[in-house]
Amino acid sequence: MNKQTGLAILGSTGSIGCNTLRVLEALGDTFRVVALSAGRNMEKLSAQIERHRPEFVSVETEECAGLLREELRRRAVAVAPRIGTGEAGLVEAATHGQAACVVSATVGAVGLVPTLRALEAGKRVALANKETLVMAGELMTRAASASGAELLPIDSEHNALHQCLRGERRAEVRRLILTASGGPFRTCSSAEMEAATVAEAMRHPTWDMGAKITIDSATLMNKGLEVIEAHWLFGFDADEIDIIVHPESVVHSLVELIDGSMLAQLGVTDMRHAIQYALTYPERRPTRLAPLDLTKLSTLSFAAPDAERFPCLTHAYRALRAGGTMPTALNAANEIAVQSFLGGKLKLTDIPRVIEQVIDQHDNSSPLRDLNQVLAIDREARAQAVEAIAGIQNSICKTQSPIMVS
Ligand code: MG
């Protein structure tokens, strides 16, 4: 019998996916990759296939599958994997019969259905895709408790909280404190943020990540999404989850106990720690990573977040307090606004404006019931966000038109 744990990685060519494969190599033969999924980077995926020999891979489209077959021929890979596409392919990877653990590291809403199916199938899910919990936290946690699946966070703050909470009773914990680096605009004025370019927003001070999460870090929406994520992972309410700005990103998060004691998890800013923890829990295994050298740290600083310059924080707390499908609408609006900013069609400071318009419009009267409802609200909020963006662009054209005709 094979004692290796079968692993599926959704989003294998992204930052978390690549780091997961590095962790597996360092762990030796504990895990075996059985399924991978990737979007469009077929060159990287074919190299991963050559090295890890998964039984199944999933890619975005048939066109990608054709490119992948070519790449595999070029590399003379002897045993090519079965190839699936689209959402059906992602779900097949997430529910692969030989996978006991699924690393969910796709970006955004596309990860929702496959992650939910993995939980329903009783697999351990190491979750990097926070959007899935924001969109449908209730469905995800319900599915996990019904099947007995474990949900372990890879997001560094939640991974830190998981570590801090390991030995504590829920009733003895007063609050969770998520640390935030503050992003590249931490010390900028509102006027400077209005004029921020994509290149400036992509310059994250401490973490090297994909485009979506880097922009979310620049608006602090990433932290807002993380507050909602923490609610679903650990069962704390909005009033029991706080944010503190900590530019050095050494303290990955803290918990405060009812006697005033605080527990913190500290470490270097390398996602491989959190990934390995989520894969090997409840065991801890050595890593090749250099530990944190406390004597080299001159300062650890902490400050309250500025909700005026970063209104996404207010919007996220509002959505969590409102409950129901409000977080689903918030997430959809944010994804569309971020895409639009990355495409040069929206200012950074318009992102929270788009989100506010969408959540103002959202009818939150019916409770969150099922996946179809979540997907319908996701689509509706995306359409509303597109409209809100068009409105903002129109108003810019109107204010500029006198200059253009003169
Ligand atoms: Mg994080």
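Are Asp 155 and Glu 157 buried or exposed?

Analyst: Asp 155 and Glu 157 are both buried, where buried stands for under 20% relative accessible area, exposed for over 50% and partly exposed for what lies in between, with a 1.4 Å probe and protein chains only. The model is a predicted one, in which local features need pLDDT of at least 70 and side-chain atom pairs count only at pLDDT 80 or more, while totals for chains, interfaces and linings use all residues. Residues are numbered from 1 along each chain as its sequence is written, and side-chain values rest on heavy atoms, with hydrogens and water left out.

The magnesium ion is coordinated by Asp 155 through OD and by Glu 157 and Glu 226 through OE, at 2.0 to 2.1 Å. Donors here are N, O and S atoms within 2.8 Å of the metal (3.2 Å for Na, K and Ca), and since water is not among the atoms, sites may look incomplete. Along the sequence, the spacing of these donor residues reads D-x1-E-x68-E.

A search of the whole structure finds one aromatic pair. It is formed by Tyr 277 and Tyr 281, whose ring centres are 5.7 Å apart and whose planes meet at 45°, so the pair is tilted. Rings of Phe, Tyr and Trp (its six-membered ring) pair if their centres lie within 6.5 Å, and planes under 30 degrees apart count as stacked, over 60 as edge-to-face and the rest as tilted. Tyr 277 is buried because its relative accessible area is 4%, whereas Tyr 281, with 22%, is partly exposed. Tyr 281 is also joined to Pro 282 by a cis peptide bond, with omega near 5°, and Pro 282 has its place in the loop between α12 (271-280) and α13. Helices (H or I, at least four residues) and strands (E, at least two) are DSSP runs, numbered from the N terminus.

Strand β3, residues 56-59, is covered on both faces, with Phe 56 and Ser 58 buried on one side and Val 57 and Val 59 buried on the other. Strand β2 (residues 31-37) pairs with β3 in the parallel sense over three bridges, and within this pairing Ala 35 stands opposite Phe 56; two strands pair if DSSP finds at least two bridges between them. Four bridges join β3 to strand β4 (residues 82-85), again in parallel, and Val 57 has Ile 83 of β4 as its bridge partner. A right-handed β-α-β unit is made by β2, helix α2 (residues 42-52) and β3, and β3, helix α3 (residues 62-74) and β4 make a right-handed unit as well. Right-handed means that, with the strands pointing away from the viewer, the path from the first strand over the helix to the second runs clockwise.

The loop between α2 and β3 contains Arg 53, which has a positive phi of about 50° although it is not a glycine; because its relative accessibility is 57%, Arg 53 counts as exposed. Ser 249, in the loop between β9 (241-245) and β10 (251-257), also takes a positive phi of about 50° without being a glycine, but Ser 249 is buried, with a relative accessible area of 7%.

As for the cysteines, the structure holds zero disulfides, a disulfide being a pair of cysteine sulfur atoms within 2.5 Å. Cys 64 is in no disulfide, and its nearest cysteine sulfur, that of Cys 18, is 16 Å away; Cys 64 counts as buried at 3% relative accessibility. For Cys 312, the closest cysteine sulfur belongs to Cys 188 and is 16 Å away, which is too far for a bond, and Cys 312 counts as buried at 0% relative accessibility.
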